[in-house]
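Visitor: I've got the model up on my screen. Can you walk me through what the labels really mean?

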Amino acid sequence: MLQVSNGRAQASVTDYVVAAYKAADPKLAMEAISLDGTASPWGIGMKPDNKQLIDSVKGALDSLIKSGEYGRLLKAWNLDALAVESAVVNGGK
């Protein structure tokens, strides 16, 4: 992205989260483009035997999603294209 901002490159391929963060900086004069079919969900690693923690974290995330706060946070960082409808454990398996 440094090469793009100084004119030595036309584009940079990186995680959308990184690209969106950089695009939010007006000094860099960049745009982030989401590529269909490349979205990769983010996760939180926890020990599988701690069911209480897993359930608590999942519940908290689902609460943020349901309240709309999750969407507002993503939008504030130009990441609303990565929104999910619910928190899932192990890909829902």
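Visitor: What makes 23 residues of the lining of the largest pocket nonpolar?
Guide: It goes by residue type: Ala, Val, Leu, Ile, Met, Phe, Trp, Tyr, Cys and Pro count as nonpolar, Asp, Glu, Lys and Arg as charged, and the others, Gly among them, as polar. Sorted that way, the lining of the largest pocket comes out as 23 nonpolar, five polar and two charged residues. By the way, this is a predicted model, where local features need pLDDT of at least 70 and side-chain atom pairs 80 or more, while totals for chains, interfaces and linings use all residues. Numbering starts from 1 along each chain as its sequence is written, and side-chain values use heavy atoms, leaving out hydrogens and water.

Visitor: Which residues lie nearest the centre of the largest pocket?
Guide: Pro41, Trp42, Gly43, Ile44 and Leu61, out of 30 lining residues. H3 gives the largest share of that lining, seven residues.

Visitor: How do you know how confident the predictor is?
Guide: From pLDDT, its confidence in each residue, from 0 to 100. The protein's mean is 86, and 97% of its residues reach 70 or more. Helix H3 (residues 51–67) has the highest confidence, at 95, and helix H1 (residues 2–5) the lowest, at a mean of 82.

Visitor: Why is Ala29 called exposed?
Guide: Exposed means over 50% relative accessible area, buried under 20%, partly exposed in between (1.4 Å probe, protein chains only). Ala29 has 70%, so it counts as exposed.

Visitor: What is the phi of Ala29?
Guide: Positive, about 50°, although Ala29 is not a glycine. Most residues other than glycine have a negative phi.

Technical notes. pLDDT is the predictor's confidence in each residue, from 0 to 100. Helices (H or I, at least four residues) and strands (E, at least two) are DSSP runs, numbered from the N terminus. On a 1 Å grid over the protein atoms alone, a cavity is a set of points where a 1.4 Å probe fits but cannot get out, and a pocket is an open set with protein on both sides within 12 Å along at least five of seven lines; lining residues have an atom within 4 Å of a point.
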